[in-house]
Every structure is written in structure tokens, then in C-alpha cells.
Amino acid sequence: MVARPPQGQTCPHTENWLVMPQAGEYRVPMDALQIWPQDDGQPVSCHEKLRVLEENWQDVRQVLTDAFEDAVLMGVSEQVMRDRLQQLVAGLQTPKVGV
């Protein structure tokens with residue numbers, strides 16, 4: 001499913017491929033990306049925002065994987081590390097003002 005702007009709204013980034021500059025430039029088909037719902041349930045549809053979200057997701061996945069593997073290989077209980085990573089995410093505060 002390709003996220004499209006709601007009727008009447010436009011996004012300047014409208015091609016069907018997203019250019020990902022990490023690890024060399026490569027193109028990701030838009031329908032291969034995750035859907036990122038907004039508070040109103042509508043998906044984020046701006047290609048530039050989707051590019052940033054995808055890059056951030058890849059970065060976070062790699063950092064968490066590395067931290068998890070390091071901890072387990074150093075003898076930390078897998079379950080303890082999973083719990084601590086979940087606590088980390090649960091403790092994140094919103095950057096929205098007044099929420």
C-alpha cells in the first residue's frame with residue numbers, strides 16, 4: 001500500500017521511489033516501506049518524511065541489535081536486556097509541546 005496525500009493536500013516529493021543515501025545511494029519502492037500512521041489514523045505520505053522515518057528506523061534497528069548482541073555476548077540475560085530496552089522505549093517523552 002502506497003501512502004498518498006489526502007485529497008486537496010500535496011507533497012513536493014511524489015515519485016514512486018524513495019532514494020536512500022545510506023550505504024551508497026539506492027532506491028526503495030514506496031510500496032515496500034512501512035506505513036507510519038498519524039494521530040488521526042491517516043498515513044504519513046510525504047516522501048521526504050518517509051525517507052527520514054525509514055533512515056531513522058534502520059539506524060535504530062542497527063543500534064539496538066548491536067547493543068542487544070553485545071550485552072548477551074558479555075553474559076547479560078537476554079530477558080533482562082529485552083526488558084531494559086522496552087523500559088527505554090516506554091520512558092521516551094514526546095517532543096510535542098503541551099502534551
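Modeller: Let me begin with the terms for the elements and the pocket: helices are DSSP runs of H or I with at least four residues, numbered from the N terminus, and a residue counts as lining a pocket when it has an atom within 4 Å of one of the pocket's points. In these terms, α1 and α2 each supply at least two residues of the lining of the largest pocket. Please keep in mind throughout that this is a predicted model.

Biologist: Which residues line the largest pocket, and which element supplies the largest share of the lining?

Modeller: The lining is made up of W57, V60, R61, L64, T65, F68, R82, L85, L88, V89 and L92, and the largest share, six residues, comes from α1. The volume of this pocket is about 310 Å³.

Biologist: How do the lining residues divide into nonpolar, polar and charged?

Modeller: Eight are nonpolar, one is polar and two are charged. Arg counts as charged, and R61 and R82 are among the lining residues.

Biologist: What makes V60 partly exposed?

Modeller: Partly exposed is the range between under 20% for buried and over 50% for exposed, and V60 has a relative accessibility of 42%, so V60 counts as partly exposed. V60, which lies in helix α1, also forms a nonpolar patch on the surface together with L64 and L88, and the accessible area of the patch is about 240 Å².

Biologist: Turning to charged pairs, why is the contact of K96 with D39 called a salt bridge?

Modeller: The term requires a side-chain nitrogen of Lys or Arg within 4 Å of a carboxyl oxygen of Asp or Glu, and the closest N and O atoms of K96 and D39 are 2.4 Å apart, so the pair meets the cut-off. This pair links distant parts of the chain, since K96 is in the segment after α2 (78-90) and D39 in the loop between β2 (26-29) and α1 (47-73), 57 residues apart. The structure holds four salt bridges.

Biologist: Are K96 and D39 buried, partly exposed or exposed, and how do you know?

Modeller: K96 has a relative accessible area of 44%, between the two limits, and is therefore partly exposed, whereas D39, at 72%, is over 50% and therefore counts as exposed.

Biologist: What makes E48, R51 and E55 a network?

Modeller: They are linked by salt bridges: E48 meets R51 at 2.4 Å, N to O, and E55 meets R51 at 2.5 Å, so each pair is within 4 Å. E48 and R51 both lie in helix α1, three residues apart, about one turn of the helix, while E55 and R51, four residues apart in α1, are also separated by about one helical turn.

Biologist: Finally, where is Q34 placed, and how far apart are Q34 and W57?

Modeller: Q34 is in the loop between β2 and α1, and with a relative accessible area of 35% Q34 is partly exposed. Q34 and W57 are 23 residues apart in sequence and 9.9 Å apart in space, C-alpha to C-alpha.

Definitions and conventions:
Residues numbered from 1 in each chain as written. Predicted model: local features only at pLDDT ≥ 70, side-chain atom pairs only at ≥ 80, totals over all residues. Heavy atoms only, no water. Buried < 20%, exposed > 50% of the residue type's maximum accessible area, 1.4 Å probe, protein only. 1 Å grid on protein atoms, 1.4 Å probe; cavity = no way out; pocket = protein on both sides within 12 Å on 5 of 7 lines; lining within 4 Å. Points joined across faces, edges and corners; volume = space filled by probe spheres on them. Patch = residues over 30% accessible without salt bridge, like charges linked within 9 Å, V, L, I, M, F, W, Y side chains within 5 Å. Areas by Shrake-Rupley, 256 points an atom, 1.4 Å probe, with all protein chains shown as cover.
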